[in-house]
Amino acid sequence: MNPTWYLRRLRRMEPSELAGRVNDQLLRLLWRITPPDIARHARASLAPGPRQLRLKPLPLPAHAPPQAAERLIRSADRILAGHWRVFARDHAALGERPDWFVDVRSGRRAPADMYAFAMPYRDEATVGNIKYIWEPSRHHHLTVLAAAYYLTSDERYARRVAEHLTSWWRDNPFPRGPHWISGIELGVRLISWAWVRQLLQNWPGAPSLFEHNDLFQTQLYAHQYWLSQFPSRGSSANNHIIAETAGQFVAACVFPFFRDSARWRQHSAATLAHEAVAQTLACGSNSELATDYHGFVLELLLVAAVQGESSGHQLDGAVWTTMCRMSDVIAAMLDDRARPSRQGDGDDGIGLLLDDHAGNRWLGLLAGGARLFGDLPWWPRLPEPDLRTFFLTDGIKPRAIAARPARRPHLLDEAGQTFLVDSANAVWCRCDHGPHGFGRIAAHAHADALSLECRIGGVDILADPGTYCYHGDPRWRAYFRSTLAHNTLCLFGRDQSVSGGPFLWTRHARSRLIAAGGLDDRDADASWVAEHSGYQEAAALVHRRSVQLQRQAARLVVTDIVLADEGLAVPASLSWHLGPDVECKLEGRNAQLTWPGGRGELELPAALSWTSYRGDEIMPAGWYSPSFDLKVPATTLIGSGTLAAGQSLVTELRWFSGPARRS
């Protein structure tokens, strides 16, 4: 990062955060000069007596949901054959001799012996894509193998786990290499290790691999010691601090080997209780307002809460209440195919993987919520439980949580999410009038005020293009989080909010809801009206948008207007991003659309000149990212022109056939 970025970043920090970061830098410098003898510290910190584990009792393998078990075992067999998907690539370097430092995307290797805090991990030319290097070392593939062993007693899975863990512990001495840079990686890794040990509880080789292994004890202590010294602070204390403390808590519960274990456990439990509330809005949505991170945080809280319950160290009741509210939000936002909204950043992060990678995490989270809190009549139907729910919730007493919604909420007020739904015809539309993001930097926000998504029969018609990348591709990072890359109005050729870097926004657009109606009525029209003032530094104006779902007419009508002083005219671009399954033929201002199971048309505002883009690398435009580091061509329609104050732009989406009406 250049000096300008550091200055912007410093301006977003409170004095207490600055002081903490100065302390962090001094400690990192000290470690570079005189690294701690972590093996000696670990031995000196061991509590007297034998190593006593606190393993969660697990259900009998014969009771596992058969379809989920079959899928997991197939996944484990692919791992044994040397195949594990990391983001958009097959990681062929995770065979019998894993390479923990290679970026399979570029082929570059990060330096394994460099002092961690001296590594320029954002420099892809030197290190490679750091996400591809970090992800395999979260050891999700090892929890899959360990679960396969538990279900089958096939020692091939356990032996491969032992080979990979021994390799990792040997090749990554504290504090050398890329895997000691980021606390979130250490936290998730600790959760994986704890669950590997629990799933291998019937394997005779497990004690010598874990509690009787000096190498493991040193690594366990080093991870927990690191996390105790470098917590995420202030404006960076988002999902990272939850991952760090969840990992610290789970490890201290399962492996209470050290004199500091009780202190680490108590401190992390208190932090989790505080952050669970602080990072959750009153409606139950995660405060980062990035859908993937809602799921990630709920997974982390679930794993920590269950581990505490089974080990006799219960987390505060506020954590359980938060998990219940977050589960209800997932049930509220799923579409007809059990897909959630695509708001904000997403990097496919997982708290604990005990299923085939391709499973539906959202239905899995709801299955866990149903077991722990009970499902509600308006929740979607749940299929056969996933394995994570099977392992986690067995033996955990359900909790009754008060004040849950009696009907499906279509307005998540504090999150600024309104859902216009026609359940009879599987029409789902999300409208955004929420805050820009979480905290002073809103790291995972996009410049998407007043944007919308629309799906019919679960097919993306008007789509949020997604995230695609974090590090290494600054041009694409800027595009996918830009206003132009969302279904909203862009003025002056600028984003509504001002970016100060890939995870930093220095000025946030402010939105507000004006009105919403007909949300629960199955027959009447549903409507939403909101506005934002993100462009007021450029001119005294407000962008107002109204959306009307005309259920009987099978029509979605979107009206955009700029409220400003009379005589003002501004350059404007209106984007409509179609999903990758939608074929489009644009003629003038009419776009004929077809998609699997349906067809329709977009009638576009005549005041703008319309151009269709598909897979355009130069603009860029016409892209959809279904998952991290993967983008596929899709059609984007962009209308450009000059918009006068008070002038309305009306877009109509009509659909003519689709899924059959439900009884």
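Which residues of α16 are buried? This question opens the legends below, which describe a predicted model in which local features need pLDDT of at least 70 and side-chain atom pairs count only at pLDDT 80 or more, while totals for chains, interfaces and linings use all residues. Residues are numbered from 1 along each chain as its sequence is written, and side-chain values use heavy atoms, with hydrogens and water left out.

View 1. The buried residues are Arg361, Trp362, Leu363, Gly364, Leu365, Leu366, Ala367, Gly368, Gly369, Leu372 and Phe373, where buried means under 20% relative accessible area with a 1.4 Å probe, protein chains only. Because eleven of its 13 residues are buried, α16 is largely enclosed by the rest of the structure. Those buried residues pack against α14 (291-311), α15 (317-333) and α17 (387-393), contact meaning heavy atoms within 4.5 Å.

**View 2. The two ends of α16.** After the helix comes Gly374, whose phi is positive, near 90°.

**View 3. The open sheet.** Five strands are arranged in the order β3-β4-β5-β6-β7, with antiparallel pairing; two strands pair if DSSP finds at least two bridges between them. Since β3 (411-412) and β7 (459-462) stand at the edges with a single partner strand each, one side of each is left without a neighbour in the sheet. Strand β6 (residues 452-456) pairs with β7 over three bridges, and Ile456 has Val459 in β7 as its bridge partner.

Notes:
Buried < 20%, exposed > 50% of the residue type's maximum accessible area, 1.4 Å probe, protein only. Helix = DSSP H or I, 4+ residues; strand = E, 2+ residues; numbered from the N terminus.
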